[in-house]
There are 2 protein chains.
Amino acid sequence: MSAVSKLEEYRQRIRTELDGVVDFWLKYSHDTKHGGFFTCIGKDGKVYDELKYVWLQGRQVWMYCRLYRTFERFRKPEILEAAKAGGAFLQRFARVPSSGTEASWKCAFSLTRDGKAVKIQRTIFSECFYLLALDELSRVTGDKDMQMEAEQMMDQLIHWVRVDPSGLGRPQLPGDKPTNSMAVPMMLLCLVQQLTDGRGQEVAQKYRETGTWCVKQILQHVQRGGTAILESVSLEGEELPGCQGRLQNPGHALEAGWFLLQFSADHDDEELQQTAISKFIELPYQNGWDKEHGGLFYFLDADGYCPTQLEWNMKLWWPHCEALVAFLMAYSKTQNSNLLETFSQVYNYTFSHFPDTVNGEWFGYLTQEGKVALDFKGGPFKGFFHVPRCLYMCEWILDKLLGDKD
Amino acid sequence: MSAVSKLEEYRQRIRTELDGVVDFWLKYSHDTKHGGFFTCIGKDGKVYDELKYVWLQGRQVWMYCRLYRTFERFRKPEILEAAKAGGAFLQRFARVPSSGTEASWKCAFSLTRDGKAVKIQRTIFSECFYLLALDELSRVTGDKDMQMEAEQMMDQLIHWVRVDPSGLGRPQLPGDKPTNSMAVPMMLLCLVQQLTDGRGQEVAQKYRETGTWCVKQILQHVQRGGTAILESVSLEGEELPGCQGRLQNPGHALEAGWFLLQFSADHDDEELQQTAISKFIELPYQNGWDKEHGGLFYFLDADGYCPTQLEWNMKLWWPHCEALVAFLMAYSKTQNSNLLETFSQVYNYTFSHFPDTVNGEWFGYLTQEGKVALDFKGGPFKGFFHVPRCLYMCEWILDKLLGDKD
């Protein structure tokens, strides 16, 4: 088969898959009474828990709006209305009074169906997905106040991360030194790209230094002479002692890889593109792919000890989603056929293991051997996000590769 | 084989196993520099992380002292000295200043090797295992101040649980109603038994009402017309909505079962003995045993949905330890041969899957199919506790059954 017809075949399957996944969430996840989305959805679409997880509320609003903006076939009132109702739910209920010393509020981690706060995490991520939702929604609706609220949230996040974390409410303990955890600069970099994309010089200028800082922080995770991406390092960029220091999360590194690829393209930075591909895409794949059973491990220890996370050897949907985006994007930037070949390998594993051909959508959690271990389609950490983001991005890249977009 | 020779065979294996497990921890876990114990110990005994988990420090002190008191062959200076060094480490480092509104301290969850606090949980369990260590150590050394400190800790715990939890530092959130989580009354009941056992009327009287309250709280977890033990219920003893309400933890119910059996024996309560056996021992075994692959599931949903815990179908060492104690104790109280038969089934699975015949000690985490999934002997939640507690209790019960003890 020619390379082009192979790409065409991928695109066809990916497009069909995306349509099916969107239909699934449109059909089963909307709470028409209170707004927002059910995310605990069983294998056949049944809601098995009504808690509303703020990460997943924000992500679903973002994803609906992004699809609405990107592809003609998703420009449907049904999608826009659900996104607006989700945004309204978040604005009404997600912020709650906080006992932190400095800020007077935090975003909750989970809410009851009708919006009462259940749990608050002492991290920045609920706020990040709230911001993502509001900014993307403002791009669809043209709501300037909403865009402003997203920017104000960003300023608060930068303050928590770079100036003073005390508002997050974590106690300062003498044995708990601050670390550079890869999730934080990755998330902030994603938000910088979200807020600035296509918005002109003023806002780009405002967040330029933060973007550069994020990239520098992410690059500190290249460790051991360039042979490993470690999930947490010291603030000085050194390896931390013990399990925490040796922890690798291949899917997360791959996600960072395509974030860096996007940044390198926006900034015409060829050296960064090289690093993104060799260190954050090829390396985590080499270290993280299970040679015996296929698929990406969830966690690994850089010295080969067994990780202490019980799920370390499971195959989760999202690292495979990140790998698909990363390898296809890397191929599109370089035309290096090795990258396309690895994309194919990940594609074959992913499409033969995760989609549920009976009830639609994807399973999220497989055993090391590739058997479905948890059969729900949505849960506290799996919502309408990684699967459709991967599929929409792959379709978009394939459109460009096949010459259907500029 | 006669019933007696079967029991003799069990005892022989259990005794040998206990000796091997004690040797393993004596050899690999002692920190002779700072006191206390390493608990992150790899399959061959190598320390792979130096963090000290307070639950496991307290449990190891308790277990060493209990073995020292119970069996002549463990009355060794080496064991006593290690227990004392562990107790001293805890007394010196475990309590840390707290930001809670009422108490001015909390016990840390984890410490650096040299005792600096790394993490504090907003629950009571670090304090519980601290208390367990101090009380048992005071029984060996005769240190009355230490016994007093354990009692003061108990009074603080009862205050947090029954009067005012604000000192634990959890924010009060409108969607997070207080619940009756089985771990709490189980833990307090265990502490009441610890503090009062053999200590005379005054202290027994002091904690009598708390003991009765704990039993009542535990019995609230019998739900659905007596067909399920649910891990969390409302304060009024009703089933909670969603996943939280439907969650079953068979190993935990079995542990509660033998706690209740002990209580029923101490209080000559035959009705409670019946309930303990039928509802907390036989029922969780029926619901929790994997008919296909053997072994006890970690978590189950009472309506048959897939639990959201990624490890739900794994076979962990400790539920099997609890099941062995529960069924053997139930058999010893009743002479009902069905209970001995189930003990045999659990025994066969346990001894053919968990012990490591190459490097000693037990693996802790198997896949649903019974393959070793995490190969370390100790980790953040597996220390010198469930395995030796199970083995020492089974040996003790078998001694009585075989007429070697009164």
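Here Ala, Val, Leu, Ile, Met, Phe, Trp, Tyr, Cys and Pro count as nonpolar, Asp, Glu, Lys and Arg as charged, and the others, Gly among them, as polar. The model is predicted.

Q: How do the residues of the lining of the second largest pocket divide into nonpolar, polar and charged?
A: The second largest pocket has a volume of about 1,200 Å³, and 37 residues line it. Arg66(A), Gln193(A), Asp197(A), Gln262(A) and Asp266(A) lie nearest its centre. By class, the lining of this pocket divides into 18 nonpolar, eleven polar and eight charged.

Q: Which helix gives the most to the lining of the second largest pocket?
A: The elements of chain A that give two or more residues to this lining are H2 (54–70), H6 (183–196), H7 (201–219), H9 (250–266), H11 (317–334) and H13 (386–401). With seven residues, the helix that gives the most is H13(A).

Q: What is the handedness of the crossing of H7(B) and H10(B)?
A: Helix H7 (residues 201–219) and helix H10 (residues 270–288) of chain B pack at an angle of about 35°, with their axes 12 Å apart. Val215(B), Ile218(B) and Leu219(B) of H7(B) make the contact with Leu272(B), Thr275(B) and Phe280(B) of H10(B), and these residues divide into five nonpolar, one polar and no charged. The crossing of H7(B) and H10(B) is left-handed.

Notes: Residues are numbered from 1 along each chain as its sequence is written. Chains are lettered from A and ligands numbered from 1 in the order in which they are written. This is a predicted model: local features need pLDDT of at least 70, side-chain atom pairs count only at pLDDT 80 or more; totals for chains, interfaces and linings use all residues. Side-chain values use heavy atoms; hydrogens and water are left out. On a 1 Å grid over the protein atoms alone, a cavity is a set of points where a 1.4 Å probe fits but cannot get out, and a pocket is an open set with protein on both sides within 12 Å along at least five of seven lines; lining residues have an atom within 4 Å of a point. Grid points are joined across faces, edges and corners, and a volume is the space filled by probe spheres set on the points. Helices (H or I, at least four residues) and strands (E, at least two) are DSSP runs, numbered from the N terminus. Axes are lines fitted to C-alpha atoms, for helices over the stretch in contact, and angles run from 0 to 180 degrees between N-to-C directions. A crossing is left-handed if the near helix is turned anticlockwise from the far one by less than a right angle, and right-handed if clockwise. Contact means heavy atoms within 4.5 Å.
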